[in-house]
Amino acid sequence: MGRPWLAGRPLWPRYGASVLSGILLALSFPRPGWWPVAWGALVPVFLALRGLRAATAAGVGFAFGLAFYGTLLTWLATLGLPAYAVVVVFSATYSALFGAFASCAARGGQEGRWLVGTLLAWVVVEWSRSLGPASFPWGLVGYSQWTNLPILQLASVGGVYLVSAVVVGANAGFALLLLRKPLGILPLLLVALAWGWGTRRLERLASEARPWMPVAAVQPNLPQHLKLDPDYAPRTQETLLRLTREAVRSGARLVVWPEHYWPAPLLREGQLDLLIQT
């Protein structure tokens, strides 16, 4: 792959680049939700991982994960700093796995192998985060594009993982171009085609004039530590039901609730809670 970026230099610039990538990627998620940042946020860490052995690359990836999840998951601090720290460190271990896998993919000196290997490693690690009892698929790169409707159309084909793959592919392409590798043009061309397809699909759907289902999302905005408190349950239920009825009166056919908000079983012996039915 040519002379590795930062080859022969101290490791701290690589760790600095990975931390920068983590912070930039977090900024592409709400809040502030600067989704265009995601299209270049990973370039520093991709360059930093080049030419490293798997163990060192895992450390660089771990630093990226700490910066990314540490910035993205600050809301968890409301549950206590220990809980916040545990989730951040746990999530960062997946980034360490990506670093190790990406390093292995870079062996052999072939740009094409690096491009495909890095892309597959990222998507596989993201997918693995959604598996098992400890799954925590928070912060998948594809989620950063939730307001980018043309690219979001890819989810109808391959779910959020395809959206992630396109964003990650663009970052890999930019990294290669910075290293003056012409192959970097290929993933960017594919991104342009995907963007054009999504735009065309939106135009077609709009021209078909299909009836739209009115959807409402309610947010009671109750204190995190009280929403599931048994003594606070009546107020939680009353607030959630009141907002739901207001949404229905406004024409909503589908009302979306926040997760884990109803402080009682939704189903009792196969029957929906009577409070919800009324």
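What percentage of the 278 residues in the chain is buried? Buried residues make up 41%, where buried means under 20% relative accessible area with a 1.4 Å probe, protein chains only. This is a predicted model: local features need pLDDT of at least 70, side-chain atom pairs count only at pLDDT 80 or more, and totals for chains, interfaces and linings use all residues. Residues are numbered from 1 along each chain as its sequence is written, and side-chain values use heavy atoms, without hydrogens or water.

**Overall build**
- The chain has eleven helices and four strands, taken as DSSP runs (helices H or I, at least four residues; strands E, at least two) and numbered from the N terminus.
- The C-alpha trace spans about 70 × 50 × 35 Å along its principal axes.
- Of the contacts (heavy atoms within 4.5 Å) with a separation of 6 or more, 66% join residues 24 or more positions apart.

**Charge**
- There are 22 positive and 11 negative side chains, counting Lys and Arg against Asp and Glu, without His or the chain ends.
- The centres of the two sets lie 17 Å apart, with charges placed at NZ of Lys, CZ of Arg, CG of Asp or CD of Glu.

**Ser 28**
- Ser 28 sits in the loop between helix H1 (12–27) and helix H2 (38–41).
- Its relative accessible area is 0%, so Ser 28 is buried.
- Beyond its neighbours within four places in sequence, Ser 28 contacts Gly 33, Trp 34, Trp 35, Val 37, Ala 38 and Ser 144.

Notes: Buried < 20%, exposed > 50% of the residue type's maximum accessible area, 1.4 Å probe, protein only.
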